[in-house]
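User: I am new to this structure. Please take a close look at one strand and what surrounds it.

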Amino acid sequence: NNDTSLTCTCRKPLVMSSASGVSGGKAVIAQNFPASWVAAAALEVLPQKVQSLLQRLGPLEGPPVISQGLNGFQALARFQNASDARAAVQT
């Protein structure tokens with residue numbers, strides 16, 4: 001499934017927040033992914049899905065870094081400029 005829209009059929013919407021103190025305001029954290037994105041078989045392509053989604057708002061410095069936190073999987077992405085990061089958080 002190549003769906004990279006911000007809306008999903010999950011209980012909560014995809015959440016973007018600024019990563020304070022990281023990359024001079026150019027980094028965002030995406031979390032609360034649809035279950036289909038974080039299923040074991042799909043985790044391999046999660047960085048590409050997140051990158052494809054975020055690059056619609058502006059160029060990234062590199063692929064997002066995926067980690068598992070207390071609230072599930074999250075992706076740390078760094079935009080090339082802070083205004084694109086702010087736009088991502090406001091989306």
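Analyst: Helices (H or I, at least four residues) and strands (E, at least two) are DSSP runs, numbered from the N terminus. Along the sequence, the protein then reads β-β-α-α-β-β-α. That comes to 3 helices and 4 strands.

This is a predicted model, in which local features need pLDDT of at least 70, side-chain atom pairs count only at pLDDT 80 or more, and totals for chains, interfaces and linings use all residues. Residues are numbered from 1 along each chain as its sequence is written, and side-chain values use heavy atoms, with hydrogens and water left out.

The strand to look at is β4. Two strands pair if DSSP finds at least two bridges between them. Strand β4 covers residues 72-78 and pairs with strand β3, residues 65-69, in the antiparallel sense over 5 bridges. A hairpin is formed by β3 and β4, with 2 residues between them. Gly 69 stands opposite Gly 72 of β4. Ile 66 stands opposite Ala 75 of β4.

Strand β4 has another partner. Strand β2, residues 27-31, pairs with β4 in the antiparallel sense, again over 5 bridges. Here Arg 78 in β4 is the bridge partner of Ala 27.

Phe 73 lies in β4. Contact means heavy atoms within 4.5 Å. Neighbours within four places in sequence are left aside here; Phe 73 is then in contact with residues including Ala 30, Gln 31, Ile 66, Ser 67 and Gln 68. Asn 32, Phe 33, Val 38 and Leu 43 are also among the contacts of Phe 73. Val 38 is 35 residues from Phe 73 in sequence, yet their C-alpha atoms are 7.3 Å apart. Across the protein, residues 24 or more positions apart account for 52% of the contacts with a separation of 6 or more.

Two of those contacts deserve a stop. Asn 32 is in the loop between β2 and α1 (35-38). Asn 32 has a positive phi of about 65°, although it is not a glycine. Most residues other than glycine have a negative phi. Buried means under 20% relative accessible area, exposed over 50%, and partly exposed in between (1.4 Å probe, protein chains only). Asn 32 counts as partly exposed because its relative accessibility is 24%.

Phe 33 is buried, and so is Trp 37. Rings of Phe, Tyr and Trp (its six-membered ring) pair if their centres lie within 6.5 Å; planes under 30 degrees apart count as stacked, over 60 as edge-to-face and the rest as tilted. By this rule there is 1 aromatic pair. Phe 33 and Trp 37 form it, stacked, at 6.0 Å centre to centre with 20° between the planes.

Phe 33 also belongs to a core. A nonpolar core is a set of buried Ala, Val, Leu, Ile, Met, Phe, Trp, Tyr and Cys residues joined through side-chain atoms within 4.5 Å. The largest one has 14 residues, of which Val 28, Phe 33, Val 50, Leu 54 and Phe 79 touch the most other members. At least two residues of this core come from each of β2, α2 (46-54), β4 and α3 (82-90).

One of these suppliers is α3. In α3, Ala 82, Asp 84, Ala 85 and Ala 88 are buried. They are on the same side of α3 because they cover an arc of only 160° around the axis, taken from the directions from the helix axis to the C-beta atoms. Overall, buried residues make up 31% of the 91 residues in the protein.
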